[in-house]
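Dear colleague,

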Amino acid sequence: MPTFNEFLSTIKDDLLEFAKENFEEYKDELLKDGNEFVKKAKKDLERWAEGLASGALSKADFEFLLKGKRDLAEMEALKQLGLSKIRVNRITNGVIDVVVGSAVKTFL
């Protein structure tokens, strides 16, 4: 069974790939903000990942819970670049999608 640390490693790899493919010009800021979001949500992510791995949570449940933590994804480094709110929201949604995808890849 995969470990939570493997999940975190997968998130980092997937965030880097997402940043390179979609927002190369903001890659460093996206990685900084994305990793900060994961750090702030770590306890919940660990609990939810365990639920996902055990079958107690579905992918949809995991995604719903993660979207509830959206306010933790402050994306300060990206906001400091002066990006529009719409663009920051698109990136935030992408980061959440990456975390969900990483969880599915790791635990399902």
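A search of the whole structure finds six salt bridges, a salt bridge being a side-chain nitrogen of Lys or Arg within 4 Å of a carboxyl oxygen of Asp or Glu. Please keep in mind that this is a predicted model, in which local features need pLDDT of at least 70 and side-chain atom pairs count only at pLDDT 80 or more, while totals for chains, interfaces and linings use all residues. Residues are numbered from 1 along each chain as its sequence is written, and side-chain values use heavy atoms, with hydrogens and water left out.

One of the salt bridges joins D14 and K105, whose closest N and O atoms are 2.8 Å apart. This pair links distant parts of the chain, with D14 in helix α1 (residues 4–22) and K105 in helix α6 (residues 85–107), 91 residues apart. Helices (H or I, at least four residues) and strands (E, at least two) are DSSP runs, numbered from the N terminus. D14 is buried, with a relative accessible area of 12%, whereas K105 is exposed at 54%; buried means under 20% relative accessible area, exposed over 50%, and partly exposed in between (1.4 Å probe, protein chains only).

Another salt bridge is formed by D44 and R47, with 2.9 Å between the closest N and O atoms. These two residues are three apart in helix α3 (residues 42–54), and so are separated by about one helical turn. Here D44 is buried, with a relative accessible area of 14%, and R47 is exposed, with 52%. D44 and R47 also belong, together with K69, to a network of salt bridges.

In helix α4 (residues 59–67), K67 and E63 are four residues apart, again about one helical turn, and their side chains meet in a salt bridge of 3.4 Å, N to O. K67 is partly exposed, with a relative accessible area of 46%.

As for the protein overall, its secondary structure comes to six helices and zero strands. The radius of gyration, taken over C-alpha atoms, is 13 Å, close to the 13 Å that the globule rule gives for 108 residues, so the protein is as compact as a globular protein of that length; the rule is 2.2 Å times the number of residues to the power 0.38. Along its principal axes, the C-alpha trace spans about 40 × 25 × 20 Å, and 42% of the 108 residues count as buried.
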